[in-house]
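Open the structure in a viewer and keep the selection tool at hand.

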Amino acid sequence: MADQYQKHRLKMVDAQIRARGIKDRRVLAAMEKIPRHWFIDEGLVNQAYNDSPLPIDRQQTISQPYIVALMTEAMQLTGREKVLEIGTGSGYQTAILAELAERVFSIERIAVLASRARKVLDVLNYYNVAIRVGDGTYGWREESPFAAIMVTAGAPRVPQLLIEQLDVGGRLVIPVGGRHSQVLMKLTRQSEDPADIKQEELGGCRFVDLIGEHGWDDK
Ligand code: SAM
């Protein structure tokens, strides 16, 4: 989509994402296409393509573009998948997933964020996204299993229900650790046995809290 920010977007992908080793061409193309500035408050629009997270409403954040790319690449999407996202936030990451998977289910605990994200996704014609307001630490059982699940908030531990809602071969990408810093984990379900998991560490990160029954307390 050509717009006044396209030049900034292409530069963001080159300097922040490709240069740091992200290779998946579909991920790079989606990030070159999707107008990140649409998901950000008007007053911050000129920072939309900076190399940093930005505040959104209710003390939440839109993640750093590189982290969005890293997590999305780890999902290994081909376009045929049904995926789950926990933490819709601004809806930017949701749009990236909608571009790269067949269907996206996204859960956000803060209703005002979910409805704002819905509006932007509708304007951008991402009709393959379903958003629900609630505690994503339970997953979305009726729609499971998923080929990939992404959690965009920091968890104290991996919620077991999410592993159970993965397909065999499915990937779960989730920041796990303390309230101030986490390690980005990729878990791949190896067989019908939900304990049969391959675990990889993708690096350090810092996310807002995953708050819920199988996350942190709300305080
Ligand atoms: N991916 C988002 C984006 O592109 O804007 C960034 C998400 S922000 C870092 C994390 C989001 O997770 C917040 O909007 C927060 O309200 C949400 N969240 C935290 N705990 C949650 C839970 N248990 N279920 C659903 N959403 C949750």
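What follows is a list of selections and what each one shows.

This is a predicted model, in which local features need pLDDT of at least 70, side-chain atom pairs count only at pLDDT 80 or more, and totals for chains, interfaces and linings use all residues. Residues are numbered from 1 along each chain as its sequence is written, and side-chain values use heavy atoms, with hydrogens and water left out.

Next, show the side chains of Ser90, Glu108 and Asp135. A side-chain N or O atom of Ser90 is 2.6 Å from an oxygen atom of the ligand. For Glu108, a polar side-chain atom also lies 2.6 Å from a ligand oxygen. In Asp135, a side-chain N or O atom is 3.0 Å from a nitrogen atom of the ligand. The ligand taken alone exposes 600 Å², of which the protein buries 99% (Shrake-Rupley areas, 1.4 Å probe).

Colour by element, using DSSP runs (helices: H or I, at least four residues; strands: E, at least two) numbered from the N terminus.

Now select Lys33 and Glu99. They form a salt bridge, with the closest N and O atoms 3.0 Å apart (a side-chain nitrogen of Lys or Arg within 4 Å of a carboxyl oxygen of Asp or Glu). Lys33 is in helix 2 (residues 25-33) and Glu99 in helix 4, 66 residues apart. The model has 13 salt bridges by this rule.

Finish with the backbone. The Ser144 to Pro145 peptide bond is cis, with omega near 5 degrees, and Pro145 lies in the loop between strand 5 (129-133) and strand 6 (146-151). Arg58 is not a glycine, yet has a positive phi of about 55 degrees.

Key. Polar contact = N/O pair within 3.5 Å; in protein donor to acceptor, adjacent residues only side chain to side chain.
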